[in-house]
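User: I'd like to go through how the labels on this model were assigned. Can you take me from the numbers to the conclusions?

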Amino acid sequence: MLTTAFLATAAALVVLAIAVLYRAVKGPTMQDRVIAVNVLGTNTVVILALLAVALDSESFLDIALVYALLNFLMAIAISKFTVKRGDVI
Amino acid sequence: MLVPVGESVTLRQTVGYAVGVAEETDASAIHFVVPVAWHSAGDVEPAVRREVETLLDRVQVWAREDASGTTPAVETAIIGEEQYMFSPDDYAGVLADYADAHGVERIVVDPEYSPGGNVPLLRAMEVSLVERGYTVEEAPVETPVRRSRLTRPGGAVQFGLLFAVSFLFYQLLGGFAIVTGDTFDLFYELVTGTIAAGIVAGSLHRVTMSERPRLRRLGVQLVRLSLYVPYLLYEIVKSNILITFIILHPRLPIEPRLTRVRVAVWGGSPLTTLANSITLTPGTLTVRADGQYLYVHALFPSAREGLFAGTLERAVRFVYYGRAAAAVATPEERGDTELLQRPEEDADAGASVRSGEGSSEETRREGERSEEARTEDERSEEARTRDDRSDDDRTPPGDGGGA
Amino acid sequence: MSELELGLRTGAILVLLAGGVFFTFVSAVGVIRLPDVYARAHTASQTDTLGAGLVVGAVVLTYGFETEVIKAVLLLVFIFITNPTAAHAAARAAYVEGIEPWTEGEERR
């Protein structure tokens with residue numbers, strides 16, 4: 001029963017992630033896209049954590065941790081290097 | 001003659017030079033002063049204060065050693081305790097006040113002196129002092145070795161602390177083999193953990209911590225932090241419900257404004273904690289931190305009021321400085337809040353950015369440079385006039401914008 | 001574990017999951033609907049963090065006292081620290097580029 005709930009949640013989050021993709025495509029600014037992709041990435045991390053429980057494979061949690069790190073780095077790096085003066089953080 | 005001093009490799013030489021100059025020019029007195037960045041409202045540990053006092057004692061002894069015959073009077077002082085110093089201008093202002101109070105016009109600076117700890121402020125501070133009309137000269141000292149700014153003298157405490165944290169983190173990721181009870185696993189995890197943590201601590205303990213950690217104080221702060229986290233979670237959930245209502249409302253009743261708050265927390269990690277907490281609480285988002293000024297984007301009036309009432313700020317002060325410091329007045333009462341309409345500091349610079357597309361980048365840079373050069377007084381003056389101007393079409397801060 | 005305890009835990013997990021999906025939904029609506037970068041950064045950093053936090057909280061509860069729970073908690077802490085920081089970085093980049101915050105009455109961007 002719980003497994004179904006986890007999978008259903010994951011499915012709902014996938015749908016929401018696809019919805020957020022609209023903002024990532026439309027923009028209009030680079031920062032809008034960064035924010036959208038960051039939300040998408042957070043959703044992905046959560047989905048990975050859900051799958052770890054639902055499919056009973058703990059290694060998904062490690063992947064989720066690494067993905068969360070990469071997601072963070074992505075946001076920071078793009079924010080930093082799309083700005084000309086290059087002094088964000 | 002005025003000599004700002006602090007821990008530096010060339011302090012001894014600077015003292016010698018200053019005494020020499022004072023004797024040549026028949027100066028009546030040499031003032032050695034330490035501008036301190038800690039605020040007296042924070043619970044400054046006696047140990048910190050003692051360190052500064054020892055430094056001044058040492059300087060005094062050196063000055064006596066160097067003086068020959070007609071000794072100019074040597075005076076020492078700790079200054080700036082009542083002020084929040086952050087920018088080079090703040091330091092220059094504090095020094096200028098002291099200089100004026102004692103009729104001093106000549107300032108000798110130790111080139112290796114670093115008022116802001118690991119933040120390079122010295123050159124900007126000198127420029128600001130020259131602009132105020134003082135004679136500033138750097139003591140001609142020989143620097144033994146040029147230390148790169150990233151590393152600082154390390155110590156066993158830094159190494160130990162970083163090692164412990166890395167080791168614990170490694171074991172956390174390894175899933176605590178200690179719990180599973182397999183002897184080989186346990187041995188393996190402990191050995192690899194020790195090696196990994198050793199490498200991390202050995203290579204980075206000079207970089208990670210900007211000052212010597214005080215373990216007891218760190219412990220107290222962690223305890224207070226554990227009180228703060230539930231409070232923060234409560235705030236997050238509470239205001240998230242509000243923001244949910246607003247986002248799902250058909251008319252989207254938002255009223256976003258960019259605001260600027262001068263916060264009363266001092267130092268890197270308290271500011272980071274506060275800025276991140278502000279961002280985490282729905283309705284407010286820290287856009288930029290500039291010294292003690294936080295540029296906060298507030299989505300609706302009640303979020304803005306909450307920010308100006310400074311509840312989070314007080315909580316962060318409690319975490320880092322204890323209960324006594326929580327009693328500082330709210331940003332609103334201090335008059336440290338203002339509304340900004342646009343990102344540009346300077347309304348004129350903003351206008352020219354809009355009109356001239358081609359040279360926009362250049363104009364903006366120029367605007368910012370002049371902003372940095374401006375003195376504190378002028379800045380607050382400008383803030384006041386801006387507030388006046390904005391009164392007719394905007395709700396002034398703290399005047400019941402929640403209608 | 002008793003029947004009641006199991007039931008309570010299952011209930012709590014379901015509530016957390018529902019709450020998580022709801023807040024993630026709100027954040028998605030916010031990111032699509034709000035008028036400018038700064039406002040969108042609000043939901044990206046806050047509502048989304050709460051949504052993710054609730055769902056990961058459900059995961060933590062499911063694991064109970066197994067060692068995997070440490071990683072889940074770590075993930076939770078990590079999301080809570082990095083999400084606002086990332087949103088702040090994006091907002092600051094927008095500010096440095098000179099994008100002006102939207103005010104009511106303007107057209108949506």
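Analyst: Happy to. Keep in mind that this is a predicted model. One thing to start with: H4(B) is followed by B:Gly133, whose phi is positive, near 95 degrees.

User: What makes one side of H4(B) the buried one, and which residues are on it?

Analyst: The buried residues of H4(B), which covers residues 122–131, are B:Leu122, B:Met125, B:Ser128 and B:Leu129. Around the helix axis they take up an arc of only 125 degrees, so they sit on the same side of H4(B).

User: And what do those buried residues pack against?

Analyst: Within chain B, the buried residues of H4(B) pack against helix H3 (88–101), strand E4 (106–109) and strand E5 (135–138).

User: Why is B:Val237 called partly exposed?

Analyst: B:Val237 has 15 C-beta neighbours inside 10 Å. Buried takes 20 or more and exposed takes 12 or fewer, so with 15 B:Val237 counts as partly exposed. Its place is in helix H8 of chain B, residues 215–248.

User: How about A:Asp56: buried or exposed, and how do you know?

Analyst: Exposed: A:Asp56 has 9 other C-beta atoms within 10 Å, and the cut-off for that label is 12 or fewer. A:Asp56 lies in the loop between H2 and H3 of chain A.

User: What makes the phi of A:Asp56 worth a mention?

Analyst: The phi of A:Asp56 is near 55 degrees, a positive value in a residue other than glycine. Most residues other than glycine have a negative phi.

User: How do you know that the length of H3(A) agrees with what a helix should span?

Analyst: Set the two values side by side. At 1.5 Å a residue, the 23 residues of H3(A) should span 33 Å, and the end C-alpha atoms are 33 Å apart, so the values agree. Among the buried residues of H3(A) are A:Phe60, A:Leu61, A:Phe72 and A:Ile76. What covers the buried residues of H3(A) includes H2 of chain A together with helix H4 (68–97) of chain C.

User: Why is strand E2 of chain B described as largely enclosed?

Analyst: Six of the seven residues of E2(B), residues 29–35, are buried, so the strand is largely enclosed by the rest of the structure.

User: What makes E1(B) and E2(B) a pair?

Analyst: The bridge count. Pairing takes at least two bridges, and three join strand E1 (residues 2–4) of chain B to E2(B). The two strands run parallel, and B:Val3 stands opposite B:Phe32 in E2(B).

User: How do chains A and C touch, and what makes up chain A's side?

Analyst: In the contact between them, 40 residues of chain A meet 42 residues of chain C. On the chain A side, helices H1 (2–26), H2 (30–54) and H3 (59–81) each supply at least two residues. H2(A) gives the most, with 14 residues. By type, the side of chain A that touches chain C divides into 28 nonpolar, eight polar and four charged residues.

User: Which residues touch the most other members of the largest nonpolar core?

Analyst: That core has 98 residues, and the ones touching the most other members are A:Ala49, A:Leu50, C:Val55, C:Val56, C:Ala90 and C:Ala91. H2(A) gives the most to this core, with 15 residues. A second, separate core has 35 residues, including B:Ala22, B:Phe32, B:Val74 and B:Ile107.

User: What is C:Ala90 in contact with?

Analyst: Leaving aside neighbours within four places in sequence, C:Ala90 is in contact with A:Gln31, A:Val34, A:Ile35, A:Ala75, A:Ser79 and C:Ala41.

User: Finally, how many helices and strands do chains A and C have?

Analyst: Chain A has three helices and zero strands, giving the pattern α-α-α along the sequence. Chain C has four helices and zero strands, running α-α-α-α from the N terminus on. Buried residues make up 45% of the 89 residues in chain A, and 58% of the 109 residues of chain C count as buried.

Technical notes: Residues numbered from 1 in each chain as written. Chains lettered and ligands numbered in written order. Predicted model: local features only at pLDDT ≥ 70, side-chain atom pairs only at ≥ 80, totals over all residues. Arc of directions from axis to C-beta. Contact = placed C-beta atoms within 7 Å. Nonpolar A, V, L, I, M, F, W, Y, C, P; charged D, E, K, R; others polar. Core = buried A, V, L, I, M, F, W, Y, C linked by C-beta atoms within 7 Å. Expected span 1.5 Å × (residues − 1).
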